[in-house]
Amino acid sequence: METLIHTIDFSPLFLSLKTGILATVLTFFLGTAAARGVMRLSHRAKSVVDGILTLPLVLPPTVAGFLLLFLFSLRRPLGAFLWEHYEVKLVQTWLGCVMAAFVIAFPLMYRNARAAFEQVDVTMIYAGRTLGLSERKIFWKIIVPMAGPGLASGTVLSFSRAIGEYGATTMLAGNILGKTRTISVAIATEVAAGNWEVAGFWVLVIVVISFLMVVLINLVSGEGSKDFSGWR
């Protein structure tokens, strides 16, 4: 095992962690903002917008990756505009990894944030308005603390999904060692090359990370905190 570790290039781990962290930061703020905005819409508009925002959750990741590639290819208007005016390129770059992870993880944050907001006691919001608090202060001082566990679990789930993203990442960012090869991409690559020991190592790494994320979700959401020792 020690010999195997010395032969492994750890860049996929560092790329996955960097990608997961940045994608999670984006999903937290944009997912929370989207959840807050959707709740203000009418029932019909809410159904449509909710469907659009949740779509990446039910689409195959390769389909989401194809759509991203279609949008951000340098041969397409948006991709060409970003490159010509800002020198931003997503195809076969680390930014492409971040974009793919963000798109796939976003619905998890959005759905968790919306569910958490819907469980907030509205009487507390009315009390804040009675006291003369602005809507912004009500959101940050009343709604966010009360929805805290749901927001935290959504954040952890988003991170877990982001570091494990494969399909959309390979479609948009490709498989370049040290540049776009994340852990999930490395596993597929090593299996295809017949390097089962290296692939098994990366599988072990992602299993450990995923297990720790599940434990963290349980801790932040309070699951399992009730005492059922009296059940027979």
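Student: What volume does the second largest pocket have?
Tutor: The model is a predicted one, and this value is computed from it. Helices α3, α4 and α6 each supply at least two residues of the lining of this pocket. The second largest pocket has a volume of about 290 Å³.

Student: Into which classes do the residues of the lining of the second largest pocket divide?
Tutor: The residues that line this pocket include I52, L53, P56, A64, F102 and V103. The lining contains no polar and no charged residues. The division therefore gives one class, with Ala, Val, Leu, Ile, Phe and Pro counting as nonpolar. The count for the lining is 12 nonpolar.

Student: How much space lies in the largest pocket, and which residues lie nearest its centre?
Tutor: About 350 Å³ of space lies in the largest pocket. Its lining is made up of 14 residues, with α6, α7 and α8 each supplying at least two. Those nearest the centre are M39, R40, I125, R129 and I143.

Student: How many charged residues does the lining of the largest pocket have?
Tutor: By class, 9 residues of this lining are nonpolar and none is polar. Arg counts as charged, and R40 and R129 are among the lining residues. The number of charged residues is 5.

Student: Is D50 buried or exposed?
Tutor: D50 is found in helix α3, which spans residues 43–58. Leaving aside residues up to four places away in sequence, D50 touches Y110, R111 and R114. Its relative accessibility is 12%, and the cut-off for burial is under 20%. D50 therefore counts as buried.

Student: Why are the buried residues of α5 on the same side of the helix?
Tutor: The buried residues of helix α5, residues 77–86, are G79, A80 and L82. They lie on the same side of α5 because the arc they cover around the axis is only 160 degrees.

Student: Which residues are exposed on the other side of α5?
Tutor: The cover over the buried residues of α5 includes α4. The other side of α5 carries the exposed residues, namely P77, E84 and H85.

Student: Where in the protein chain is confidence highest?
Tutor: The chain averages a pLDDT of 89, and 94% of the residues score at least 70. Confidence is lowest in helix α1, residues 2–7, at a mean of 73. The highest value, 95, belongs to α6.

Key:
Residues numbered from 1 in each chain as written. Predicted model: local features only at pLDDT ≥ 70, side-chain atom pairs only at ≥ 80, totals over all residues. Heavy atoms only, no water. Helix = DSSP H or I, 4+ residues; strand = E, 2+ residues; numbered from the N terminus. Buried < 20%, exposed > 50% of the residue type's maximum accessible area, 1.4 Å probe, protein only. Contact = heavy atoms within 4.5 Å. 1 Å grid on protein atoms, 1.4 Å probe; cavity = no way out; pocket = protein on both sides within 12 Å on 5 of 7 lines; lining within 4 Å. Points joined across faces, edges and corners; volume = space filled by probe spheres on them. pLDDT = per-residue confidence, 0-100. Arc of directions from axis to C-beta.
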